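This report looks at side-chain contacts between aromatic and charged residues. The sequence and structure come before the details.

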Amino acid sequence: MSSTDPAPVPKAGIRRVAVIGAGYVGLPTAVVLSHRGHVVTIAEHDETKFDMLCRGRSPIVEQGLEKMLEDGISSGRLRIVRDAAEAVADAEFVFLCVETPQSESGSADLSHLAAAADSVSGHLARGAIIVNKSTVPLGTVGLVERVIGRSDVAVVSNPEFLREGSAVADSLNPERIVVGSSDRAAAVRVADLFGDSDAPVVITDARTSELIKYASNAFLATKLTFINTMASLCERVGADSVDLVHGIGYDKRIGFEFLRPGPGWGGSCLPKDTSALVSIAKSAGFDIEIVRAAIAGNEEQMNRVVEKIRVAAGGTLDGMTIGVLGLSFKAKTDDRRNSPAIWISLRLVEHGATVRAFDPTVSLGDASATDLSHLEIFGDPYEAMRSTHVIALLTEWPEFEQLDFARVREGVANAAIVDARNLLEPVSLRHLGFTYTGIGRQ
Ligand code: UGA
């Protein structure tokens, strides 16, 4: 049964909620539910994260999250425990927000989810509702039902659509709420948790709900590969990608959102979910060629940026020093998982370059992290750019626009900038003597 009509949701009553896992999805979900008035217990077994949370500190960089966490704790509506079994003891709703990393085959690895379900099954209150927030393959609601093995407990799918960097705002003002279950009453009760939001509610079966999440991310990834491909075409035919985006974006059917050309798309979701969708389709005997093309086009885009840097360096990367601005997969987050900036930096190193990198969320203390071990990390952008042959701007941190490029110019070995986010102003940089290369820009 399915309905796209806004559900007649009454003002939400106060509910007891447990959230298992305080990661990029779990923590915003928990603090926003407590902000909505519900009584929430978060279970986080990682000692470092647990200690930080108890002190009202957010383990992730996310605007507004720490303030809301502190408010939740001081209001008494938000509690943090280590043990999932303790968190669920009196909960009416249990959100599973654990990691579903990509396995070798490209499909999602459900071992954390199954372990979380197993650890709570014997401790759930009668009639509790389990909510799968993690992005999971089709049929996972059924898997969790089997692991839980209790007829009094309903399991529903409620995919999350928040973006890192605006997680709190997205959770407070969702564009839609999707809930899928064979138990419609349970699905409606989950939608009621967000009852004070104006978002339309889509209630459907569990598989469709699970597929909605993959289809959303695959659509976004395909849109990005499309615009990155158009930007490359602009370079070949002497057109301008910035004006092109304006020219097509005013068409409401196309829109401006997700239309900024860049170094390729990354993060913990789009790459993983597109691969998982290809794998889901393959298991159904279907070759989802358009999504495979989006994935292949994304790798091409990252390679194109490496090539632009090689050309800007005078034809070789061997022995060159490249100053990299930005390492997170996008601005306003410290997340570097599947970051195009890291991917590109490591290719530069493989080609014999030295990479001096700065990111506002990376401190000198982080330099030993595995993904950074081949890079030279600096705590100051001017220092990172000193004596470089090319500056590569790879993440669109707004503070990079404010840098004093006249000062930068004095310290570099060669004045060349590759702006993989089209963030900077080419005219003024050229005026300062830099060669400027953007993405699809004249
Ligand atoms: C994505 C989706 O946007 C969310 O709706 C979804 O909930 C989330 O995945 C998830 O599955 O949990 P997120 O991974 O936070 O969110 O990142 P996005 O904002 O989607 O950005 C993804 C990549 O696309 C980044 O590398 C970003 O720099 C790039 N991008 C985005 C562009 O290059 N251009 C754009 O115009 C937009």
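The text below covers aromatic pairs, charges over rings and salt bridges.

The model is predicted. Searching the whole structure gives three aromatic pairs. In one of them, Tyr 250 and Phe 256, the ring centres are 4.7 Å apart and the planes stand at 90°, so the pair is edge-to-face. Tyr 250 is exposed, with a relative accessibility of 64%, while Phe 256 is partly exposed at 35%.

Another pair is made by Phe 358 and Phe 400, with ring centres 6.2 Å apart and planes at 65°; this angle is over 60 degrees, so the pair counts as edge-to-face. Phe 358 belongs to strand S10 (residues 354–358), and Phe 400 to the loop between strand S12 (390–393) and helix H15 (405–411), so the contact ties together parts that are 42 residues apart in sequence. Phe 358 is buried, at 9% relative accessibility, and Phe 400 is buried at 1%.

Two arginines are placed over aromatic rings. Arg 176 lies over the face of Phe 161, 3.5 Å from the ring centre. Arg 407 has its charged end over the ring of Tyr 382, at 3.7 Å from the centre of that ring.

The structure contains 28 salt bridges. Among them are the pairs in this table.

| Salt bridge | Closest N and O atoms |
|---|---|
| Arg 16 and Asp 90 | 3.8 Å |
| Asp 371 and Arg 336 | 2.8 Å |
| Glu 383 and Arg 386 | 3.1 Å |

The bridge from Arg 16 to Asp 90 joins distant parts of the chain: Arg 16 is in strand S1 (residues 16–20), and Asp 90 is in the loop between helix H4 (84–88) and strand S4 (93–96), 74 residues apart. Arg 16 is partly exposed at 38% relative accessibility, and Asp 90 is partly exposed with a relative accessible area of 42%.

The bridge between Asp 371 and Arg 336 also links distant parts of the chain, 35 residues apart. Asp 371 sits in the loop between S10 and strand S11 (376–377), whereas Arg 336 sits in the loop between strand S9 (321–325) and helix H13 (340–350). At 24% relative accessibility Asp 371 is partly exposed; Arg 336 has a relative accessible area of 17%, which is under 20%, so Arg 336 counts as buried.

Elsewhere, Glu 99, Glu 164, Asp 335 and Arg 337 are linked in a network of salt bridges.

Note on methods
Residues are numbered from 1 along each chain as its sequence is written. This is a predicted model: local features need pLDDT of at least 70, side-chain atom pairs count only at pLDDT 80 or more; totals for chains, interfaces and linings use all residues. Side-chain values use heavy atoms; hydrogens and water are left out. Rings of Phe, Tyr and Trp (its six-membered ring) pair if their centres lie within 6.5 Å; planes under 30 degrees apart count as stacked, over 60 as edge-to-face and the rest as tilted. Buried means under 20% relative accessible area, exposed over 50%, partly exposed in between (1.4 Å probe, protein chains only). Helices (H or I, at least four residues) and strands (E, at least two) are DSSP runs, numbered from the N terminus. A charge sits over a ring if NZ of Lys or CZ of Arg is within 6 Å of the ring centre and within 35 degrees of the ring normal. A salt bridge is a side-chain nitrogen of Lys or Arg within 4 Å of a carboxyl oxygen of Asp or Glu.
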